[in-house]
Amino acid sequence: MNEKQAMKTKIGILIWSSLTLTAYAQKQDYPIQPVPFTSVKFADKFWNARIETNRTVTIPASFQRCDSTGRIKNFIMAAEHKGKFCTVYPFDDTDIYKTIEGASYSLAEHPDPALARYLDSLINIIHKAQEPDGYLYTARSIDPLNPGPWAGPERWINEQKMSHELYNAGHLYEAAAAHYMATGKRNLLDIALRNADLLVRTFGPQKKHVAPGHEIVEMGLVRLYRISGKKDYLDLAKFFIEQRGHKDYNKKSKNEFENGKYFQDDIPVIAQDEAEGHAVRAMYLYSGMADVAALTGDTSFLKAIDRIWDNMVGKKMYVQGSIGAVGDGERFGENYELPNATAYNETCAAIGSVFWNQRMFLLHGDSKYIDVLEKTLYNGLISGVGLDGKSFFYTNAMQISKNFRTEDTEPERSGWFTCSCCPTNVVRLIPSIPGYVYAQNGNSVYINLFISGTGNLIINNKKLSITQQNNYPWDGALQFTINPESALEATIRIRIPGWAQDEAIPSNLYQYESPSGKKTEISVNGKQVAYEIEHGYAVISRKWKKNDRVTVDLPMEVRRVAALDKIDDDKGKVALQRGPIMYCAEWKDNNGQACNIIVPRDAVFSSVYDANLLNGVLVLKADVRSVQIDPSGQNINTQNTTLTAIPYYSWANRGKGEMTVWFPERVTDLTLLTK
Ligand code: FUB
Ligand code: ZN
């Protein structure tokens, strides 16, 4: 048995034993269970390239930056109680945790003894920095009498003033769970459990009460509960969520720090019905609520997140799936407040939205959640990392124009940030994507994402593998080979994306300008079948035999998307979508400009795959008009030009310049700007 086989066997045993524990310890859970990332192997051009770049470039670069910026040194100094906290934010510890988490996922797929040893050495450093009672927070432990910025003079008292002690704990738990699942080693898990036990001793009904200043500890505690079966962790997660909305804020203030909205702390969560405040905090809170609702059967959390989801998708999401429009407070704006020039759209918020939408799907089994997840994943999320794997966006702009500069959106990527939450969040998200493709409920199998490769499932104690072959996201022809170990009654539910059914997103916020009328065709073993759609899934129930072949033909056309009139900035404009991909125009392909392009209603689009552009992208082309000012500055006219649009995720990989997602359909006004 070589090392890779040995590792795979170990992972198999681990997953099996943790599922056994799960089944024993938790009767109540998500009705639908995801097929774990370790049971899904990709053979997909689009995603394998990204996962490989993450493994070979992003993870090493991230560890290197944790080192060179002093993040690792903070842990070493904490162990020795000597020195001075040497980075800027108390949550800088989490960049190490998140990189360990991503590296663990990566190790599960790609054994690498050197990386495994490096992780162990880091975990040893973390272990030494942990205080005897389990407390782990370098900003205080280095020099408790002179704690780092925001930490506060005593443990926990600044939790609601940005100390991030519980946020750090949450990321530690997420990393520890991933590391344990991927490697079977308990070294990081034991550190996390000691810390979680400290929280259980410290917080609770007869103990300290606090609403975590930045959520994630709730999701993290649930992860530890799943592994350990220790109910205290689940109870504490629920307790933390229920602490929100009981603090005395200035309700009249419009400032969200003062009125509590920034922290989702203005009213109890079960009364909340808008996606509000800091977008990353919000996503992690709603994900934690979904976890607790699933594991306890609490319907009040469920009702609240259902309402909040409707609000977010119906009123507060950008057309490419990004959320968190407002820079000041990194937060959701008011309903329909979705400006293009100043769009903030933190990469971490998109990642959080993927976490939340996956959980909403597991609760409800409706494809609309995966539609949002897919839109986010293929657009506003992966735009956050450059094709080189080592340059990142913190914010994800909707428009960059030479005529306006804002401090809120970045026109180009950076290698790292002083507050570097986004790059390290990307590190952990990318290698976990195999875990989002399949899910199951009894003998029903959900196929959610279309990514070539094989998923290995167990249905009624029988092995079933599903192999996907496709050229997604560029091509709508999908092929699935269904391979049970022997004939097997099962229901395969294949997601028919909203975008293939005349729905730009699952709300009326954005709509296709005209219906296509084209239907998705499905064949089994070469014969077209009639199928029912239930909750967005084509349902095919039959006795499956070895090598049964299902083909699905999703109509992939260039679609014109219009926004609801209530979004001021998008009035009279069109965005371009093809399949799951949203497009933009960038200066590089459009004579140095992008914000002067008019896309008239009758523009005819062609799509061409260019293997040499941006690691291979399908570009859209159309004859359109562009606004020109003659050199004298006295005449303005429009002239014919060819629009070249590229996938939104791929912009800003060729230098800095104009970009836009929305195009005016005609000129209605002109504002003269002076420089
Ligand atoms: O506060 C920790 C992280 O830093 C947040 O999630 C990001 O929005 C950034 O503010
Ligand atoms: Zn971030």
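## The zinc site

In this predicted model, local features need pLDDT of at least 70 and side-chain atom pairs count only at pLDDT 80 or more, while totals for chains, interfaces and linings use all residues. Residues are numbered from 1 along each chain as its sequence is written, chains are lettered from A and ligands numbered from 1 in the order in which they are written, and side-chain values use heavy atoms, with hydrogens and water left out.

The zinc ion (ligand 2) is held by Glu 346 through OE and by Cys 348, Cys 421 and Cys 422 through SG, at 2.0 to 2.3 Å. Donors are N, O and S atoms within 2.8 Å of the metal (3.2 Å for Na, K and Ca), and sites may look incomplete because water is not among the atoms. The arrangement around the zinc ion (ligand 2) is tetrahedral because its 4 donor atoms subtend angles of 96 to 119°; four donors count as tetrahedral if all angles lie between 85 and 135 degrees. Along the sequence, the spacing of the donor residues is E-x1-C-x72-C-C.

Ile 447 belongs to strand S5, which covers residues 444–447. Helices (H or I, at least four residues) and strands (E, at least two) are DSSP runs, numbered from the N terminus. Ile 447 is buried, with a relative accessible area of 0%. Leaving aside residues up to four places away in sequence, Ile 447 touches residues including Val 437, Tyr 438, Phe 480 and Tyr 537, where contact means heavy atoms within 4.5 Å. Between the C-alpha atoms of Ile 447 and Ser 367, which are 80 residues apart along the chain, the separation is 9.9 Å.

Gln 33 is found in strand S1, residues 33–34, and is partly exposed, with a relative accessible area of 29%. When residues up to four places away in sequence are not counted, Gln 33 touches Leu 362, Ala 439 and Gln 440.

Of its 34 lining residues, Asn 403, Cys 595, Asp 669, Leu 670 and Thr 671 are the closest to its centre. On a 1 Å grid over the protein atoms alone, a pocket is an open set of points with protein on both sides within 12 Å along at least five of seven lines, a cavity is a set of points where a 1.4 Å probe fits but cannot get out, and lining residues have an atom within 4 Å of a point. Grid points are joined across faces, edges and corners, and a volume is the space filled by probe spheres set on the points.

Strand S19 (597–598) and strand S21 (617–629) each supply at least two residues of this lining, and S21 gives the largest share, 3 residues. By class, the lining has 15 nonpolar, 10 polar and 9 charged residues. Ala, Val, Leu, Ile, Met, Phe, Trp, Tyr, Cys and Pro count as nonpolar, Asp, Glu, Lys and Arg as charged, and the others, Gly among them, as polar.

## Enclosed cavities

The count comes to 4 cavities of 30 Å³ or more. The largest cavity holds about 80 Å³ of space, and its lining includes Asp 371, Trp 499, Ile 505 and Gln 577. Helix H15 (residues 367–381) gives the most to this lining, with 3 residues. The lining divides into 5 nonpolar, 2 polar and 4 charged residues.

The second largest cavity has a volume of about 50 Å³. Among its lining residues are Glu 256, Lys 261, Lys 316 and Phe 332, and the lining as a whole has 1 nonpolar, 2 polar and 6 charged residues.

## Backbone features in loops

Most residues other than glycine have a negative phi, and most peptide bonds are trans. The peptide bond from Tyr 472 to Pro 473 is cis, with omega near 5°; Pro 473 lies in the loop between strand S7 (462–470) and strand S8 (477–484).

His 164 has a positive phi of about 65° although it is not a glycine. This residue is found in the loop between helix H6 (138–141) and helix H7 (165–183), and His 164 is buried, with a relative accessible area of 5%. Asn 547, also not a glycine, has a positive phi of about 60° and lies in the loop between strand S14 (537–544) and strand S15 (548–553).

How values were computed. Tetrahedral: all angles 85-135°; square planar, octahedral: opposite > 155°, others 65-115°. Buried < 20%, exposed > 50% of the residue type's maximum accessible area, 1.4 Å probe, protein only.
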